[in-house]
Amino acid sequence: MELSGGQIVVQCLKDEGVEYLFGYPGGAVLHLYDAIFHQEDVKHILVRHEQAATHAADGYARATGKPGVVLVTSGPGATNAVTGIATAYMDSIPMIVISGQVPTAVIGSDAFQEVDMVGITRPCVKHNFLVKDVKDIAATMKKAFYVATTGRPGPVVIDIPKDITDPNIKVPYHYPRDISMRSYSPASKGHLGQIKKAVELILNAKRPVIYSGGGVVLGEASAELTQMTQILDYPITNTLMGLGAYPATNKQFIGMLGMHGTYEANLAMHESDVILAVGVRFDDRVTGKLAEFCPNAKIIHIDIDPASISKTVKVDVPIVGEVKQVLEQMMHLIQEHPSKPDTDALANWWAQINHWRTTQCLEFDRNSDIIKPQAVVEQLYAITKGDAYITSDVGQHQMYAAQFYHFDKPRRWINSGGLGTMGFGLPAAIGVKLAHPDMEVACITGEASIQMCIQELATAAQYNTPIKIINLNNRYMGMVRQWQELNYESRYSQSYMETIPDFVKLAEAYGHVGIRVEKPEEVQPALEKAFAMKDRTVFIDFLTDRTENVYPMIEAGKGHQEMTLRVAPGTPIERELA
Amino acid sequence: MRHIISILIENEAGALSRVAGLFSARGYNIESLTVAPTEDATLSRMTLVTRGNEDIIEQITKQLNKLIDIVKLIDLAEAAHVERELMLVKVKTNDTTREEVKRLSDIFRGKIIDVTNGSYVIEMTGTSEKLDAFVQALDESSIIETARSGPTSMSRGEDGLHL
């Protein structure tokens, strides 16, 4: 079969089983778009801005585990995609980004819409390629998919000059079935000796904590983690990226940890003697002050990426391997081991944790006559029976979503954890809805974040992806305002927008339904009404308390044991903490 | 501590910038970097000299290993090794200094590879310390220019860095 470069790219996507291609056409990719026109297997989703193409592909990837695929033109098309590529990179999301490039003959001459895409994306991709020969396209595509989806996943950019996709130059097509690269061989099985050492520590622990993260979601190891945690009956905390990897409604779950994690999770980390860290990277938002991180604990760290181990926190037992395989190996050894966990120590440990739980650190004012953002998320959780896919943007609303939507399944919580990209939520929700058309998908956002990719309301209309937008509108960049209140004597420098659009009219202008909710008693009926409209995208604009802050909180530079709490006055725990 | 990291890397466009970019992005320091193709034309060998404590060097080698184009690497500071650097130095000469510079060059086993009425170009190889010592020994005002390759290095004995 002889194909042109453009046809080869599309045929490779078919051979990889790609369902959706998120993109935006332009000069350098016109040959490619013509090849797309002549087929129907790979469905193209036309976004309204290239950043949204990457976020939508990212949402699709996070919800399915399959790589998200993006196609953009050269120059501004490519640079617009960079934020989304960096977002995927920071959260290790498999993604293939095909960017057009000016013809090879003019590369380097500052040609129209030329930018050094390989150079610009180098620090925020797992790998990138510039294809210089039509005969190299198929092998490069195969390598790109292989690199993006194996080991620690990540985005891969393929930059293709326009002349390489010329419809008049045809070459025989062959898509390699397998690929091996001498310079790339990700580890799978963990070192048995290390796993044995870890098992000894785990079974002899008096105050154990399992601290698990996004690696468990990416590594499809949720079932293994859940089984092991339940057999051991050890407390488990998830990072922001790991929410859902362990069912939040199970009794062993002590909440998220870190800056806005629960009091019990952070205190348990601080007092622990053995920490089993699974698929995490000891991010600064999790550890707080490094010098005071888990002062008495032996730390076991399982991760697929050797560079994640001992990067910020020195660990005692490093295990490099796929979390799924390592947990299986570990489980097997635990079950065969003659000794069992110390039940007395464990009972004391749970009593201590349950005592910390009595702070009810997430509690908020339920009698307020202004809508509390936490109450909206609670209602959303109830109405969707905890079974929706939730995307979010970045800020206070993201933390409320993480704290109050109790994720019981992996891949349900879709947010930009590492890069913290505002504008992620709406396009990501479109990607998720395309992947799971029969599931409820809600985007929890704020009036500042949503405006960063608001144009994607048009994409949602064009492809009929009925999502629910939960806009927690406090007329501030809430998280910025909170930090300014705490650290800058409430000087709210530029965290307030003097003009905010009428979101109801805006939603209607794009062909959707808009609902404004101003009173607490209207929250539940509005959500019920919105979710009853199965085939419509509904934008629900909740006017929430302008002064509400996210608590509990570890302020910047402090340790886990120094949480700032909002506890109800007069309660026993308040007297104790005072 | 000073470390010499020897790297086998795919001989592809942009491979060098991946290494250089990694060092600048993560704030690691590069003292010198040399690169040239090997006897296998698909591979280049890079010798990189850096400084840092054990933790930093561990991160550097891990991060380098993560780069897809890097096939293999070794930290030569971990074992016995030999290293050589090439230096060309151009010095001013006149009737009174010509002999003295020649003698000094001989002591350091340098070779004079270009002569004019007013200058020498001296070629010298050795460890970086030896080249430093020679530069120190020269009259500073007589030096017109120096060009150094940065060290290149390999381990002693039968083992080596190969596929």
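A residue is called buried when its relative accessible area is under 20%, exposed when that area is over 50%, and partly exposed in between, with a 1.4 Å probe and protein chains only. By that rule, 40% of the 163 residues of chain B count as buried. This is a predicted model, in which local features need pLDDT of at least 70 and side-chain atom pairs count only at pLDDT 80 or more, while totals for chains, interfaces and linings use all residues. Residues are numbered from 1 along each chain as its sequence is written, chains are lettered from A and ligands numbered from 1 in the order in which they are written, and side-chain values use heavy atoms, with hydrogens and water left out.

Chain B is built from four helices and nine strands, where helices (H or I, at least four residues) and strands (E, at least two) are DSSP runs numbered from the N terminus. Followed along the sequence, these elements of chain B give the pattern β-α-β-β-α-β-β-α-β-β-α-β-β. The C-alpha trace of chain B spans about 55 × 35 × 30 Å along its principal axes. If contact is taken to mean heavy atoms within 4.5 Å, then among contacts in chain B between residues at least 6 apart in sequence, 73% join residues at least 24 apart.

B:Ala80 sits in the loop between strand 4 and strand 5 (81-92) of chain B, and with a relative accessible area of 47% it is partly exposed. Not counting residues up to four places away in sequence, B:Ala80 touches B:Ser155 and B:Arg156. From B:Ala80 to B:Ala15 the separation is 65 residues in sequence and 28 Å in space, C-alpha to C-alpha.

We turn now to the meeting of the two chains. Here 20 residues of chain B are in contact with 19 residues of chain A. Together the two chains bury about 1,500 Å², 47% of it on carbon and sulfur atoms; buried area is the accessible area (1.4 Å probe) that two parts lose on being put together, summed over both. Between chain B and chain A there are three salt bridges, a salt bridge being a side-chain nitrogen of Lys or Arg within 4 Å of a carboxyl oxygen of Asp or Glu. The side chains of A:Lys314 and B:Asp55 form a salt bridge, at 3.4 Å from N to O. On the side of chain B that touches chain A, helix 1 (15-25), helix 2 (54-66) and strand 4 (70-75) of chain B each supply at least two residues, and the largest share, six residues, comes from helix 2 of chain B.

Some residues of chain A complete the tour. A:Ser449 belongs to the loop between strand 17 (441-446) and helix 17 (457-462) of chain A, where it is buried, at a relative accessible area of 2%. Leaving aside neighbours within four places in sequence, A:Ser449 is in contact with A:Asp393, A:Val394, A:His397, A:Met422 and A:Gly423. As for cysteines, the structure holds zero disulfides over all chains, a disulfide being a pair of cysteine sulfur atoms within 2.5 Å. The sulfur of A:Cys443 lies 10 Å from the closest cysteine sulfur, in A:Cys453, which is too far for a bond. A:Cys443 is buried, with a relative accessible area of 0%, and A:Cys453, at 1% relative accessibility, also counts as buried.
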